[in-house]
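Hi,

Here is the model I said I would pass on.

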Amino acid sequence: MGSGAETINTFSPYALTMVVGPSDGASFEGDVGGPFVPVDVSYFINNNSDVPLTFVVSADVAWVDVTPGTGLIPAGGSIDVTVTANAVAAGLAQGSYAGTLTFENLTDGEGNTVRLLDLTAGLPKLVYSYNMDGDPGWTAAGDWAHGQPTGGGGVSYGFPDPASGFTGSNVYGFNLGGDYAPNLPELHLVTGAIDCTGLEGVTLKFMRWLNVEQPLYDHASLAVSSDGATFFPVWENPAEIIENAWTQVEYDISAVADGQATVYLRWTMGTTDGNWQYSGWNIDDVEIWGMQDGVSAIAVPGVYQLKVGNHPNPFNPMTTVSFELAAAGHATVNVYDLKGRLVRNLVEGAFAAGPHSAPWDGLGNGGQPVGSGVYLVRVVSNTGAAEHKMVLLK
Ligand SMILES: [Ca+2]
Ligand SMILES: [Ca+2]
Ligand SMILES: [Ca+2]
């Protein structure tokens, strides 16, 4: 206007009228029938404008209550909205459920946003357990052996091996008599095939007593496979590890193991360099936890249900997302990161009931390659929503 004067919105000069936080989705978990934790999840809605703002918050699933679902926020004011898993949630069969929470600004439309909802009904159960009292007969290379460790090694670097298992006497360990040798190749301990058919959310837990030099020199690692040929890394020593006690460790191996008939776990000692030897791996009380996949157990041929998956998984960088719709209608398929941020709009439109597929090239909406990690693909249809984890490994 040429006057040199400048108008400043004193409430928040750079923000949208309506601002919702936090940015995380709402995630509930509990046994079938509940209760679910957390009890509720709260979001704040700020009105950064100088006029009152009318909002609506709605869920596209019946298993949460949203309070208040609508209201008026005074200029410069704020309100809290609470999302609670309700009686419908308590009636859900075992499984994972997904939905979307939509925040709408009815006053001027600025700041409309969504948050992801998910609920897991059914807590993981112990499915397989190897207490090492007896030898499970795994394939053991080099100095890997089943038996009672002797408390040896660790004289120069780190700590000695234990003198027994965490429970019972026996372990699988690398050199039960002491330190690993210098200049080792990679030497593997590989389980037999573990049948994870019908399992979802597969998790590996075990007791670890490990001493290994830093990975510039010596290596200890863990990997998982669904065919015994291609192994995907789960863990490797990020630094020197010196342990003088048993530690329980836990890894989500669902991306590789869920639903697979032949899952193999592989612990590796080596490579090692020529100096500084440590007492190496000791493993006890290996457990596989998971949930029975109720959906596949009640599948009826010829009757479609809402679901989504991908193949191959893990992948790099191409994968094919397969989804099935229970009924004809509009559907969207999007990829999100683990924080619920949209990565890629994959497909959207009208689809027939039954199976469909869509390729994903590992690119984000801006055409940029996305990094290694876990991504969620979510299909939202007029009968509900389903999601699935995908692993991009570069
Ligand atoms: Ca034991
Ligand atoms: Ca070394
Ligand atoms: Ca040892």
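This is a predicted model: local features need pLDDT of at least 70, side-chain atom pairs count only at pLDDT 80 or more; totals for chains, interfaces and linings use all residues.

Residues are numbered from 1 along each chain as its sequence is written, and chains are lettered from A and ligands numbered from 1 in the order in which they are written.

**Confidence.** pLDDT is the predictor's confidence in each residue, from 0 to 100. The chain averages 90, and 93% of the residues score at least 70. Residues 1-13 are below 50, with six contacts in the model beyond near neighbours in sequence. Residues 294-301 also stay under 50, and there the model has nine contacts beyond four places in sequence. (A contact means two C-beta atoms, placed from the backbone, within 7 Å.)

**Domains.** The chain is divided into domain 1 (18-121), domain 2 (126-292) and domain 3 (300-392); these bounds come from an automatic or database domain assignment. The C-alpha centres of domain 1 and domain 3 are 23 Å apart, and nine residues of domain 1 contact nine of domain 3. On the domain 1 side, strand 9 (95-105) and strand 10 (113-121) each supply at least two of the touching residues. Strands here are DSSP runs of E, at least two residues long, numbered from the N terminus.

Four strands line up in the order 1-4-8-6, with antiparallel pairing; two strands pair if DSSP finds at least two bridges between them. Strand 1 (18-21) and strand 6 (64-67) are at the edges with a single partner strand each, so one side of each has no neighbour in the sheet. Strand 1 pairs with strand 4 (residues 40-47) over four bridges, and Val19 sits opposite Asn46.

**A hairpin.** Strand 26 (residues 329-337) and strand 27 (residues 342-351) run antiparallel, joined by eight bridges. Asn334 faces Asn345 across the pair. Four residues lie between the strands, and Gly340 takes a positive phi near 85° in this hairpin.

**Leu392.** Beyond four places in sequence, its contacts include Pro314, Phe315 and Tyr375. Its C-alpha is 6.4 Å from that of Val374, 18 residues away along the chain.

Cheers
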